[in-house]
Amino acid sequence: MRWDNLQLIPDQPDNALITKGAVVRTIDTPEFRGVTFFEIQARSIINRVPGPSRVPFEWTLNPYRGCTHACVYCFARNTHTYLDLDAGHDFDTKIIVKINAVELLRRELAGPRWQGEPIAMGTNVDPYQRCEGRYRLMPGIIQALIDYRNPFSILTKGTLILRDLDLLTEAASRTRVSTAMSIGTTHPDAWRATEPGTPSPRARLHAVATLNEAGVPCSVLMAPILPYLTDSPAQLEATVKEIAEAGATGLTPLVLHLRTGAREWWLQWLAREHPRLVPRYQELYGRGAYAPKAYQQRISAQVAELARKHGIRERTVRQAPPAKTKAPEPEQLGLFGR
Ligand code: SF4
């Protein structure tokens with residue numbers, strides 16, 4: 001286990017998390033009620049994507065584990081089980097904070113073996129989840145990347161990214177920077193039901209516009225598109241239209257995939273909220289984590305058409321590869337650009 005200063009004692013009545021060396025913190029404000037933070041001293045911060053992997057980046061950086069954005073479908077849920085935590089409620093409420101992330105990053109960037117390769121952030125969990133407002137790890141991380149002229153990308157749902165706009169603008173003038181906002185749908189009910197801890201899609205679209213206006217390229221990962229919930233022609237069109245109006249530099253649609261961890265949590269939610277859809281999901285995902293190719297291709301084609309209609313120029317079209325990390329980098333999958 002990577003974070004060997006955390007131990008779960010399974011036979012404790014409350015499944016208590018016992019830590020050695022981690023500072024355990026709760027924050028008594030409504031937005032963090034029920035959330036426990038485990039501040040740890042990580043051993044390393046730049047991680048190589050374990051190979052073989054089909055994701056288009058080799059190095060990642062994740063200052064947090066677990067995510068209070070609490071998206072029901074989150075692809076990263078299973079990574080919490082590596083910490084002996086569960087992929088459901090624990091993922092949403094037990095957050096590991098790599099409190100020494102900035103110090104470690106500076107050390108690793110200065111190391112003799114580091115070659116200045118691009119670093120992808122937001123590949124596991126969201127670096128701009130709510131607690132980043134308190135821990136403020138990202139400004140130090142971005143400043144270190146600026147100082148070393150190290151290219152990087154950030155994928156997020158957090159409008160908190162705008163707090164760091166000046167730093168990101170500076171970074172974009174000194175090295176290669178790309179950002180992407182994840183917005184699967186702009187439908188308010190679907191958003192509230194499936195992404196309860198996130199800023200609204202409208203607020204995220206505003207962030208897309210603001211980043212681009214400031215000279216920080218920002219595209220949209222239209223993900224995940226949820227079968228029978230957000231995939232109607234009208235919903236797809238409304239979402240693509242708003243993404244186009246926000247001035248996104250690119251658009252990448254990605255259909256929901258359900259791997260272990262996310263799969264169980266999602267299906268429990270579906271059975272509770274939309275029981276009539278359970279057989280239809282069994283049909284789509286009964287054979288594996290991915291929806292059938294024909295379904296994915298149909299959605300891609302629909303989004304491509306809508307993107308053309310709303311003025312987003314078509315670029316390369318690829319299917320999303322099965323990924324070990326949470327999501328592929330938008331411009332690699334990604335289907336449309338301005
Ligand atoms: S914001 Fe991203 S990392 Fe966080 S719960 Fe949602 S999908 Fe997962």
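This briefing describes the fold composition, core, helix packing and selected residues of the structure above. The model is a predicted one. The protein contains twelve helices and 14 strands, and 57% of its 338 residues are buried. Of the contacts between residues at least 6 apart in sequence, 75% join residues at least 24 apart.

**Nonpolar core**

- The largest nonpolar core comprises 94 residues.
- Phe-37, Leu-105, Ile-141, Phe-152, Leu-251, Trp-266 and Tyr-281 have the most contacts inside this core.
- In soluble globular proteins, nonpolar side chains tend to be buried together.
- Phe-152, one of the residues with the most contacts inside the core, touches a set of residues beyond its neighbours within four places in sequence, among them Ile-119, Met-121, Ile-142, Leu-145 and Leu-168.
- The contacts of Phe-152 also include Ala-171, Thr-175, Arg-176, Val-177 and Ser-178.

**Glu-39, a buried acidic residue**

- Glu-39 lies in strand E4, which spans residues 36-40.
- Its relative accessible area is 8%, so Glu-39 counts as buried, the cut-off being under 20%.
- The side chain of Glu-39 forms a polar contact of 2.5 Å with the side chain of Arg-25.
- A further polar contact, of 2.6 Å, links the side chain of Glu-39 to that of Tyr-135.
- When neighbours within four places in sequence are set aside, Glu-39 is in contact with Gly-21, Ala-22, Val-23, Arg-25, Val-97, Ile-99 and Tyr-135.

**Packing of helices H8 and H11**

- Helix H8 (residues 233-245) packs against helix H11 (residues 293-309) at an angle of about 45°, and the two axes are 10 Å apart.
- Because of this angle, H8 is oblique to H11.
- The crossing of H8 and H11 is right-handed.
- On the H8 side, the residues that meet H11 are Pro-233, Leu-236, Glu-237 and Val-240.
- Their counterparts in H11 are Ile-299, Gln-302, Val-303, Leu-306, Ala-307 and Lys-309.

**His-187 in a loop**

- His-187 is located in the loop between strand E11 (177-182) and helix H6 (188-194).
- With a relative accessibility of 31%, His-187 is classed as partly exposed.
- The side chain of His-187 reaches the backbone nitrogen of Asp-189 at 3.2 Å.
- His-187 and Thr-230 are 43 residues apart along the chain, and their C-alpha atoms are separated by 7.6 Å.

**Backbone geometry**

- Most residues other than glycine have a negative phi, and most peptide bonds are trans.
- The peptide bond from Ala-223 to Pro-224 is cis, with omega near -10°.
- Pro-224 belongs to strand E12, residues 218-225.
- Asp-84, although not a glycine, has a positive phi near 65°.
- Asp-84 sits in the loop between strand E7 (64-65) and helix H1 (89-93), and its relative accessibility of 40% makes it partly exposed.
- Arg-149 is likewise not a glycine and has a positive phi, of about 50°.
- The loop between helix H4 (138-147) and strand E10 (152-156) holds Arg-149, which is partly exposed with a relative accessible area of 45%.

Conventions: Residues are numbered from 1 along each chain as its sequence is written. This is a predicted model: local features need pLDDT of at least 70, side-chain atom pairs count only at pLDDT 80 or more; totals for chains, interfaces and linings use all residues. Side-chain values use heavy atoms; hydrogens and water are left out. Helices (H or I, at least four residues) and strands (E, at least two) are DSSP runs, numbered from the N terminus. Buried means under 20% relative accessible area, exposed over 50%, partly exposed in between (1.4 Å probe, protein chains only). A polar contact is a pair of N or O atoms within 3.5 Å; within protein, one must be able to donate a hydrogen and the other to accept it, and residues adjacent in sequence count only if both atoms are side-chain atoms. Contact means heavy atoms within 4.5 Å. A nonpolar core is a set of buried Ala, Val, Leu, Ile, Met, Phe, Trp, Tyr and Cys residues joined through side-chain atoms within 4.5 Å. Axes are lines fitted to C-alpha atoms, for helices over the stretch in contact, and angles run from 0 to 180 degrees between N-to-C directions. Angles under 35 degrees count as roughly parallel, over 145 as roughly antiparallel, 65 to 115 as roughly perpendicular and the rest as oblique. A crossing is left-handed if the near helix is turned anticlockwise from the far one by less than a right angle, and right-handed if clockwise.
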